[in-house]
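Please look at the model below before reading on, and keep it in view while you work through the report.

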Amino acid sequence: MLSGRRLDLLDPSPFDIEIEDIAHGLARVARWNGQTVGEHAFSVAQHSCVVEEIAAHIKPGLEPKWRLAALLHDASEYVIGDMISPFKAALGVNYKAFEARLEGAIHVRFGLPPKNPVEIKTLIKKADRACAFFEATQLAGFNRSESLSLFGIPPRGYELVIDPLPAPVAQQRYLERYRVLAGAVGLIPAADAGSME
């Protein structure tokens with residue numbers, strides 16, 4: 001990693017995971033394998049910030065630690081990239097176990113349980129699918145009916161106009177959002193964090 005950390009992919013340690021590496025990697029991983037319109041790819045870092053925002057919209061008053069879990073929901077992709085779900089399924093259980101170990105190490109590193117409670121996992125998946133709906137219709141060439149059939153109806157009262165950001169900007173926004181949430185859960189001093197809103 002650019003931080004100098006050496007991450008054992010088969011046995012990842014929370015001690016070898018740094019938020020700066022995650023933000024850097026995710027800002028350079030393209031959603032939809034880069035098959036989107038616009039000057040810049042829509043990065044996993046930017047996607048993750050939107051998913052955290054949607055999760056908080058769906059469940060007002062969502063605890064900061066679960067908002068952090070939403071921000072980190074695709075954090076493993078800083079190492080393994082963003083693979084489409086059908087391909088993950090085709091790779092089978094070994095891939096899922098590998099991904100789960102990495103996600104567990106990331107969670108532990110940032111003070112979360114290795115696995116999200118079912119209610120939180122369901123909420124984050126719903127927010128993730130809502131973001132995918134907007135991405136599909138605005139960036140990836142899907143019409144509204146296709147997106148509705150694949151991703152469902154986005155949450156009532158939530159609108160999104162996507163403007164894919166350059167990688168350095170997406171990276172910075174991801175880090176800023178992390179600092180706010182990390183400050184709210186006590187991972188970093190409040191003086192180093194920003195406002196929740």
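This is a predicted model: local features need pLDDT of at least 70, side-chain atom pairs count only at pLDDT 80 or more; totals for chains, interfaces and linings use all residues.

Residues are numbered from 1 along each chain as its sequence is written, and side-chain values use heavy atoms, with hydrogens and water left out.

**Overall fold**

The protein has nine helices and zero strands, where helices (H or I, at least four residues) and strands (E, at least two) are DSSP runs numbered from the N terminus. Its C-alpha trace spans about 45 × 40 × 35 Å along the principal axes. The radius of gyration, taken over C-alpha atoms, is compared with a globule rule of 2.2 Å times the number of residues to the power 0.38; for 197 residues a compact globule would have a value near 16 Å, and the protein agrees, with 16 Å. Of the 197 residues, 46% count as buried, which means under 20% relative accessible area, whereas exposed means over 50% and partly exposed lies in between (1.4 Å probe, protein chains only).

**The core**

A nonpolar core is a set of buried Ala, Val, Leu, Ile, Met, Phe, Trp, Tyr and Cys residues joined through side-chain atoms within 4.5 Å. The largest one has 55 residues, and those with the most contacts inside it are Ile22, Phe110 and Tyr174. Its largest share, 10 residues, comes from helix 7. Contact means heavy atoms within 4.5 Å, and, leaving out residues up to four places away in sequence, Phe110 touches residues including Ile22, Leu68 and Tyr178.

**A loop residue and a pocket**

Ser43 is found in the loop between helix 1 and helix 2, and it is buried, with a relative accessible area of 2%. Beyond residues up to four places away in sequence, Ser43 touches Leu26, Ala27, Val29, Arg31 and Ala170.

| Type | Lining residues |
|---|---|
| Nonpolar (Ala, Val, Leu, Ile, Met, Phe, Trp, Tyr, Cys and Pro) | 10 residues |
| Polar (the others, Gly among them) | one residue |
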